[in-house]
Amino acid sequence: MLQLDNFYKARYVLGKVLRKTELIHAGKINDDVDVYLKPECLQKTGSFKIRGAYYKISQLSEAEKQKGVIACSAGNHAQGVALAATAMGVKSLICLPEGAPISKVEATKRLGAEVKLVPGVYDDAYAEAIRLRDECGYTFVHPFDDENVIAGQGTIGLELLDQLPDVEAVVIPVGGGGLISGVAFALKSLNPRVKVYGVQAAGAAGMVESIHQHRLEKLASVSTIADGIAVKEPGQLTFEACSKYVDGFVTVSEDEISAAILRLIETEKMVAEGAGAAGVAAVMFDKLPVKGKKTVCVVSGGNIDVTILNRVINRGLAKTGRLCALEMELDDKPGKLVEVCTVIARLGGNITSVHHDRSANRKKVDACILRVMMETRNQEHIDQIRRALEEKGITILNNSILKIEH
């Protein structure tokens, strides 16, 4: 059972170690929504996870602390456990999926934890951590399905009511559900009028499926750039809390998450990881009934792997119509390439690369395929360029959205 008194106790304990994350008014996320950001990406270790991990470990007995703690994580919980355990002189062992970003693995080691990489995804790391717990007597620090962890994460809800007393809606990224369970319980206990919405990546929508089916559902696989919320199955405690206290769930696509990461960088000068930007994506793309409402988006983390940041930005540019690849069929004659470039330049497009292929067209010997990559303003601008080229008799084969791996 979640108890509000435990949340206040967690707030007191965490007051000595947390970085205070003030709300940021973000008027450029969605013109129709009064958006505020709760920048937990600026928290120590770069995510909210330090809250639950630190409070959980602080409540262990001395005997439990002597034996040490073990955890499993896609990265952020690992860093929270490592920092908390080291600060309290407790040994920590972290099981991570072998595909976890190198930056998160190294950060966990730097914070004093021993790391074991496990083949597979989060759930595989979880199984190995449970095995080692039983074998060695460690205390397992669950990343989400634990009352003290949930209480620690829920201190964000207490802070929101202090920072924005007239808040009308709160939007929260969801993986296993620890963050939204704690925040929703705190908010609904103190002000039931506040709406709480959860957002999952479309490729890892375990909580959405569980709520829809009214029972715990385990996904066969997960696939998303939002590795912090790539969880196959939510927890029992979190499922029950979400069923009772959360007003609705939506999913966002990889393109929408990428666009949100880009928007936060450009307009708020804030770096968010995929999970951290999921709530912002839902508000950006009008997935939630928050028009005209004072809405807080919890930016849960900022530990994005810099090796994919460029690809994410390009995908965000493509999603918002600012980067486009046009493929067209041209007669293979002098002046045709100049004609295409002139049309694009006249309309304000900025060509960044050109690929001219005579061998790609199997139907017309005297024609070629031209692929032009260009920077544009928005989708309307792309459509304008397309129409102008077609008016010149040029056949547009397609305009492609850039792909990134994850």
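A cavity here is a set of points, on a 1 Å grid over the protein atoms alone, where a 1.4 Å probe fits but cannot get out, and lining residues have an atom within 4 Å of a point. Points are joined across faces, edges and corners, and the volume is the space filled by probe spheres set on them. (Nonpolar is Ala, Val, Leu, Ile, Met, Phe, Trp, Tyr, Cys and Pro; charged is Asp, Glu, Lys and Arg; the others, Gly among them, are polar.)

A word on what you're looking at: this is a predicted model, where local features need pLDDT of at least 70 and side-chain atom pairs count only at pLDDT 80 or more, while totals for chains, interfaces and linings use all residues. Residues are numbered from 1 along each chain as its sequence is written, and side-chain values use heavy atoms, with hydrogens and water left out.

The count is 2 cavities of 30 Å³ or more, so-called by the rule above. Of its 28 lining residues, select Phe48, Lys49, Gly176, Gly228 and Ile229, the closest to its centre. Then show α4 (76-87) and α8 (178-190), the elements that give two or more residues to the lining; α8 supplies the largest share, 3 residues. (Helices are DSSP runs of H or I, at least four residues, numbered from the N terminus.) The lining divides into 13 nonpolar, 12 polar and 3 charged.

Now colour by domain (bounds from an automatic or database assignment): domain 1 (2-46 + 146-315), domain 2 (47-138) and domain 3 (324-396). Domains 1 and 2 each give at least three residues to the lining of the largest cavity. Zoom out, and the C-alpha centres of domain 2 and domain 3 lie 53 Å apart.

Last stop: α9 (206-213) and α10 (236-245), whose axes come within 11 Å and cross at roughly 65°. (Axes are lines fitted to C-alpha atoms over the stretch in contact, with angles from 0 to 180 degrees between N-to-C directions.) Show Met207, Ser210 and Ile211 in α9, which meet Thr238, Phe239, Cys242 and Ser243 in α10, contact being heavy atoms within 4.5 Å. That set has 4 nonpolar, 3 polar and no charged residues.

Conventions:
On a 1 Å grid over the protein atoms alone, a cavity is a set of points where a 1.4 Å probe fits but cannot get out, and a pocket is an open set with protein on both sides within 12 Å along at least five of seven lines; lining residues have an atom within 4 Å of a point.
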